[in-house]
Amino acid sequence: MTSSDAQNHPTLPTGEQYEISGGGYCAVVTEQGATLRALSHDGVDLIVPTAVDAVPTDARGQQLLPWPNRVRDGRYVFDGQPQQLAINEVERGNAIHGLARWSMWRLVELGQDTVRQRLVIAPQDGWPGMLEALLTHHLDAGGMTVHLAARNVGTTAVPFGYAAHPYLVMTGSIDQWQVSSPFRTCAVVDERLLPVEVATVQGSTDLSDTTLGERHLDTAFTGGPGGSWQIQLRCGAERRVLWADEHFGWVQIYTPDDRSSLAVEPMTCGPDAFNEGPTHDSMLRLEPGSGVEMKWGIHL
């Protein structure tokens, strides 16, 4: 079954499948989670695709908001009010990756090269306000651009963070891939992958211009150039570039156990940013009626 065949298939676990193309690039975005299920150029995958009849695993291709990464014990205090989120990383006792990735996003626009979707996150346990998210995937000769516009449409202020979770793929094992990253500090974490401090990169965390080798990473990096940035991956003649604008002060790098892909996750804030600690200053605050817009993308 192709994604086109699945366009209106009601039994698919991720709902409607929206296929777009432009400039040699093709992508499939799903109704559930506004998930980037596939991205290719001239028939060559740029990310690990998820099968059309499968549920994404390991947050693959999903949109992470109104917070990315982890909240310790699912608890935080905002404007003096304690909040308790559901624990969905049970083995570590954390709330992880927001409230949007399993929701059905409403289609706003579908064209040859563009799909735009909308989601409203309503007040619920652990989340005090109402947030509207408008997400656009666009393809052209310059690659894929993802634009998020988030707006507080409620009557109370809310904390906010956003990330995306693509797994980039090239030929062979990531051990042979060359990585070039501009980030010079990273979060030092405890056994629950929660931040203890932010420290200068060194040794295995220094990805300034190096071969990845046998490193095992699940690391949040920051201390970038302060504006737009890019991380470049190379393997022989192949290249993948993930870029993001100045709103993304963090990136998570994760090496899966099978060593066949690399998760490069642009993040607006660090792990556990809703709580006081070394990453708290990266949390955004959206007052009623206010919003924020940001962009990231992938190209060859």
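One term first: I call two residues in contact when they have heavy atoms within 4.5 Å of each other. Also, please keep in mind that this is a predicted model.

Now the overall picture. The protein has 27 strands and zero helices. Its radius of gyration is 18 Å, close to the 19 Å that the globule rule gives for 300 residues, so the protein is as compact as a globular protein of that length. Along the principal axes, the C-alpha trace spans about 55 × 50 × 35 Å.

What share of contacts between residues at least 6 apart in sequence joins residues at least 24 apart? The figure is 62%.

The accessible surface comes to about 12100 Å², and carbon and sulfur atoms account for 48% of it. There are 20 positive and 36 negative charges, and their mean positions lie 2 Å apart.

Then the inside. Of the 300 residues, 54% are buried. In soluble globular proteins, nonpolar side chains tend to be buried together. Here, the largest nonpolar core has 68 residues. Those touching the most other members are Leu39, Phe160, Tyr162, Ile231, Ile253, Trp296 and Ile298.

Take Trp296 from that list. Leaving aside neighbours within four places in sequence, Trp296 is in contact with Met144, Thr145, Val146, Tyr162, Ala164, Pro166, Leu242, Trp243, Ala244, Phe248 and Pro266.

Terms used:
Residues are numbered from 1 along each chain as its sequence is written. This is a predicted model: local features need pLDDT of at least 70, side-chain atom pairs count only at pLDDT 80 or more; totals for chains, interfaces and linings use all residues. Side-chain values use heavy atoms; hydrogens and water are left out. Helices (H or I, at least four residues) and strands (E, at least two) are DSSP runs, numbered from the N terminus. The radius of gyration is taken over C-alpha atoms; the globule rule is 2.2 Å times the number of residues to the power 0.38. Buried means under 20% relative accessible area, exposed over 50%, partly exposed in between (1.4 Å probe, protein chains only). Accessible areas come from the Shrake-Rupley method with a 1.4 Å probe; for residues, only the protein chains shown count as cover. Lys and Arg count as positive and Asp and Glu as negative; His and the chain ends are not counted. The place of a charge is taken as NZ of Lys, CZ of Arg, CG of Asp or CD of Glu. A nonpolar core is a set of buried Ala, Val, Leu, Ile, Met, Phe, Trp, Tyr and Cys residues joined through side-chain atoms within 4.5 Å.
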